[in-house]
Each structure stands twice: as C-alpha cells, then as structure tokens.
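Please examine the sequence and the model shown below before reading on. The account that accompanies them moves from a sheet to the helices and then to a loop.

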Amino acid sequence: MYPLRPAAAAIGIWNGLIVGLDEDVRGLPAAATLDADGAVIVPGFHDAHCHTTSYGLGLVLLDLTDVHGAAAILEAVADYSARLDPQDWVIGTGYGGGMPLSEHLTRDELDRAGGGRAVWLTHFAGHSCVVSSAVLTAVGITSDTTPERGRIGVDAAGRPTGLLEEAAMDVVKDHVGPSSVEQLARAIDVATARYASEGITSFTDAGIGCPGLDHSPVEMAAYQRARATGRLRARAQLMVHNEKMHELASHADDAIERGLDLGLHTGLGDGWLSLGAMKIWVDGLGVEGADGSPDWDNDPELLRRDIIAAHRAGWQVAAHAMGDRAVDLVLEALETAGKAGPYPAQVTHPRHRIEHGGLIRADQLPRLRQAGMTVVTQPILIAEYGDLFAELVAAERLAEVFRVQSLLDAGIPVAGSSDRPVAAGSPLRGIQAMVQRLTASGTVHAPAERSTAADALAAYTVGAARAARAEPQRGTLAPRMAADLVLLADDPVTLPAEQVADIEVLATIAGGHVSHDGAGLLTNSGLSTVEMAAAAAAEAAEAAEAAEAAEAARA
Ligand SMILES: [Zn+2]
C-alpha cells in the first residue's frame with residue numbers, strides 16, 4: 001500500500017514503528033530477527049464500522065448468530081433456559097437468522113421455550129427485538145400501550161405479539177440497564193481477540209454511549225480499563241452516538257451550540273484509543289423502494305440541526321444513511337454548515353462519512369466528491385443479503401445498491417467494514433465479497449461495481465485508515481508508520497478471488513506487539529504481546545510510585 005515501495009522483502013520494527021524496508025534495515029543490529037517463512041505481510045486490517053461491545057457481549061450471552069430458523073432458535077432458548085434459575089433473564093443476541101425479515105417469534109412461543117422466564121432476543125440487524133410475556137409485564141406493555149417512538153407489534157385482536165421495533169426497544173433496554181464497566185471490558189477482550197485472529201489491528205466502533213445492555217453511558221471507561229489491563233487487542237477509535245449531544249454555552253466566535261461537555265471532539269486520544277466521529281442515525285435499515293428509506297422515523301429538522309452542530313463543534317460526522325434520501329439530507333445539511341462559516345480551525349479536513357450508502361444515485365456522486373466525503377461500505381452485505389435486495393429494490397435501481405467501483409471512479413474514497421455483529425466480520429471475507437459481489441444464489445450483483453483485489457485490500461487498510469483520519473500513522477507499511485501488520489499464508493491480491501476468504505491468518509502485530517500468533521511463528525520473535533506490554537506499563541508505574549515513596553521516606 002506504499003506507492004514508493006509497493007513490495008519489499010524485509011521490514012524493520014523498533015519501538016512500535018516501522019523504521020525501514022529492505023536495504024534501509026538489512027545488516028542493522030537487531031534484538032531479534034524473524035524469518036517469516038514465505039508469509040505475505042500486508043498492513044494490519046482496519047474495520048471502519050463495527051460494534052465491538054455488542055459483538056463481544058453477544059459472544060458471552062446466548063449467541064444466536066449461527067442458529068438458523070425459528071425451530072432451532074426456540075430450541076436454543078429452551079436449552080439455555082434449562083441452565084438458569086427461574087428469575088434469570090434469557091438474553092440472546094443475533095436472533096433472526098434463516099427467518100424472513102418480516103417474520104418473528106411470538107411471545108407465546110418464547111413463553112413456552114423459556115419456561116415462563118423473561119426472554120429477550122435482539123435481532124441481528126439491531127433494529128428490533130422479541131420478548132416473552134414476562135418482559136412485557138416487567139416493562140408495563142399492555143394492549144393499551146401506544147409507544148412514543150418506534151413500534152409495538154400487535155396481532156389482529158390488538159394484543160402485543162412481543163415484537164418491539166426501533167425506539168420501542170428502549171423500554172426493555174432501560175429496564176435492564178447498561179452493563180457494568182467490567183462486563184464491557186470483558187466483551188472488548190473477547191471481541192478484539194477475535195479481531196486479532198482475523199488480522200484486524202484497528203477498528204472504528206460505530207457508536208458508544210447508546211442505550212442498551214451492550215453499551216453504557218460510561219462506556220469509554222470500559223475501553224480505558226480494557227486497555228490498561230491488556231485486553232484491548234486492536235486500536236480503537238470510538239464514534240459517539242448523537243443522543244449524547246446537548247446544548248453548550250460558548251463564545252460567539254466559536255459558535256458551538258451543541259456538543260459534548262468540555263467541547264471534546266473528534267481526534268482526542270492517542271493511537272490506541274481515541275474519539276472518532278459523531279454518529280448520526282439518519283434513516284433506518286432498509287434500502288428498498290424508490291426513495292430508499294422506508295423506515296425513516298427521525299425528525300429531519302433535528303437531524304439537520306445535529307449534523308450542522310456536530311460539524312461546527314469540530315466533529316467528523318458519520319451519518320448512517322442506507323437510502324439515497326438520507327444521503328440528500330446529509331449533503332444539504334453539510335452544504336448549509338459549510339456556507340454558514342469556515343470549518344473550525346482544528347477541522348481542516350473533516351472527512352465526513354456516509355455509513356453504509358446502501359443506495360446512492362449517480363447524481364449524488366459529484367456532490368459526495370465535492371463534500372470530500374468517504375463512503376464506508378459493507379461488501380459482505382451483498383453476499384448475505386444481495387438476493388433479498390434484488391427482490392426489494394426496483395430493477396432499474398439494483399446497480400445503485402452498495403455501489404463501490406463507481407464511487408472510486410468518481411474519486412470518492414471507500415473504506416471497507418463489516419458492521420459486525422450485523423454481518424460476518426473477517427476482512428478477508430470482505431475483500432473477497434468486494435471483488436466478487438456474489439450473492440448466496442450465485443448471482444453477481446451489479447457486475448460493473450466489482451473492484452480489483454488491490455482496491456479491495458486498500459479499502460480495508462489505507463482506505464479505512466483514511467476514513468479514521470489516521471493514514472499518516474497507519475494503513476501502509478512505510479517508514480515511520482505504526483508497526484501494524486498481518487502475516488498471511490497467501491496473497492489476497494494474486495490468489496483467485498474465491499479463495500481469499502480462506503487465507504490463513506498466521507499472525508498479527510499491532511504497534512509492534514503480538515496480538516495473534518496462531519501458527520507459533522512469533523514465539524521467538526522477541527516481540528512482546530499486547531498483555532505483556534500492558535503488564536510492563538503497569539509494573540513501570542508501580543516501580544515509579546515505589547521509588548517516589550522511598551524517596552519521600554528518606555526525606
Ligand atoms: Zn452499524
């Protein structure tokens with residue numbers, strides 16, 4: 001990914017940085033020299049949009065991600081319930097696999113499977129959940145309840161079915177409350193260990209501080225704890241959910257009217273843990289229909305206000321826009337924000353982002369380019385849902401669904417991501433999907449939008465780093481860049497596309513520390529692990545404190 005040196009055979013690492021390639025480093029004294037044994041080394045992957053605590057908690061709660069079909073899901077609930085006390089909740093994530101999106105389990109089915117327990121299953125797409133009767137009772141939902149926001153599913157007789165959609169889910173989330181900092185730190189540990197095994201060295205989390213068990217109003221504390229205890233195994237950049245924005249007082253020169261306390265904004269932190277964009281939910285989940293945004297129930301005025309306010313307060317804006325109508329709203333709001341005055345001095349390149357871009361019209365391409373926006377795409381959604389899109393989207397608009405190549409051709413940067421746990425997370429799978437655009441039925445979805453393997457690899461390395469405004473430090477293997485790299489058993493650029501997802505990830509190094517060593521290749525490398533580095537830092541802090549105490553005693 002380094003244009004001045006597209007290929008190299010030797011790489012020097014010192015103090016967590018790459019110090020040189022080939023003749024720059026050959027023959028220099030080194031603490032250890034490692035023969036990578038023919039491995040292909042590429043920059044560590046960056047997942048530009050994922051939900052780490054949700055994914056990690058999903059792995060420790062009842063994980064339904066790989067359970068397909070109503071009968072199998074109910075069986076999994078029954079098995080899990082059997083191990084619990086009667087008052088315990090059955091909390092499941094990733095529910096809905098193998099079921100049509102419009103079909104849901106009912107409260108009566110969940111009552112039977114859970115033996116009358118409170119059962120709460122969150123859909124894998126994150127926009128709905130199903131609950132048992134005990135949960136409806138606990139949160140006070142009856143036939144007479146009208147939700148302030150979102151939707152409560154009812155049957156023909158008006159009796160709640162147990163389905164709660166969008167903001168109607170919050171009542172359950174609020175009842176259960178957030179997870180503890182330690183629970184979230186454990187989730188981060190489990191999730192980022194999985195990331196490291198897939199070659200991921202950095203990620204952008206697409207929204208912390210949201211309501212729900214998988215988040216917390218003090219979520220940043222969980223990341224700090226995970227990091228301090230060697231459980232953050234990939235660099236984390238955290239977007240903030242725009243619900244966290246509130247009115248602020250500031251000097252007239254600054255014109256910051258809304259934001260976070262103290263004026264915090266994008267960029268605060270360091271290479272391992274930093275504040276990313278302000279995540280603004282513009283529309284919903286679907287890409288169907290000519291206007292692309294069927295389940296859009298957010299107030300456009302409030303959305304515009306938040307986009308403009310976030311921009312003025314120094315935030316990179318990451319707008320969740322599935323449909324083209326949402327893209328229009330974001331572009332208009334940013335054009336207004338730009339006209340109202342110059343960017344704040346500290347935001348010379350805000351690099352605002354469209355998250356998903358499920359449906360983008362051709363006339364929007366020059367405007368996206370003009371606004372300097374990045375599109376953060378999820379190629380695996382084509383593999384997993386491409387056939388569904390073909391049913392839902394008008395035939396003449398199919399080529400606009402998760403377009404990639406036409407964006408690159410128009411000069412719009414593209415970043416690769418998974419939206420995990422919504423879709424599978426392996427970047428190698430994402431690269432394969434971006435090149436193939438093959439749906440489950442074997443159809444190539446909009447063949448002209450396929451990208452080359454090199455462009456796909458770039459989207460998951462330098463492209464994703466650029467979206468995170470981190471490409472001066474990461475995303476390429478070049479002198480002075482972070483020593484974030486992944487050792488692969490084969491070359492994703494030259495291997496036939498259908499084999500890329502199965503390339504073995506031999507080892508992963510983040511900031512010069514070993515975060516994954518599946519093949520034992522780095523056992524004698526002299527590199528410390530992420531845990532060792534954290535322990536050493538803690539030890540050094542303790543030693544400094546002891547020395548100070550001794551000094552004080554002598555005095
Ligand atoms: Zn997401």
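The paragraphs that follow describe selected features of this model.

The model is predicted: local features need pLDDT of at least 70, side-chain atom pairs count only at pLDDT 80 or more, and totals for chains, interfaces and linings use all residues. Residues are numbered from 1 along each chain as its sequence is written.

Eight strands form an open sheet with parallel pairing, in the order β4-β11-β12-β15-β16-β17-β18-β19. At its edges stand β4 (45–50) and β19 (414–416); each has a single partner strand, so one side of each lacks a neighbour in the sheet. From one strand to the next, the twist averages 25 degrees. Strands here are DSSP runs of E with at least two residues, and helices are DSSP runs of H or I with at least four residues, numbered from the N terminus. Two strands pair if DSSP finds at least two bridges between them. Strand β4 is joined to the parallel strand β11 (residues 200–208) by four bridges. Cys50 has Asp205 in β11 as its bridge partner.

Helix α1 (residues 52–60) packs on helix α6 (residues 181–197) at an angle of about 90 degrees, the axes being 7 Å apart. The two are therefore roughly perpendicular, a term that covers angles of 65 to 115 degrees. Axes are lines fitted to C-alpha atoms, for helices over the stretch in contact, and angles run from 0 to 180 degrees between N-to-C directions. Residues of α1 including Tyr55, Leu57 and Leu59 meet residues of α6 including Leu184, Ile188 and Val190; contact requires C-beta atoms, placed from the backbone, to lie within 7 Å.

Helix α7 (residues 219–228) has as its buried residues Glu219, Ala222, Tyr223, Ala226 and Arg227. A residue is buried if 20 or more other C-beta atoms lie within 10 Å of its own, exposed if 12 or fewer, and partly exposed in between, with C-beta atoms placed from the backbone. After α7 comes Gly230, with a positive phi near 70 degrees.

Val25 lies in the loop between β2 (17–21) and β3 (40–43). Is this residue, Val25, partly exposed or buried? Val25 counts as partly exposed because it has 18 C-beta neighbours inside 10 Å. Leaving aside neighbours within four places in sequence, Val25 is in contact with Ala10, Gly12, Val19 and Gly20.

Terms used
Angles under 35 degrees count as roughly parallel, over 145 as roughly antiparallel, 65 to 115 as roughly perpendicular and the rest as oblique. Two residues are in contact if their C-beta atoms, placed from the backbone, lie within 7 Å.
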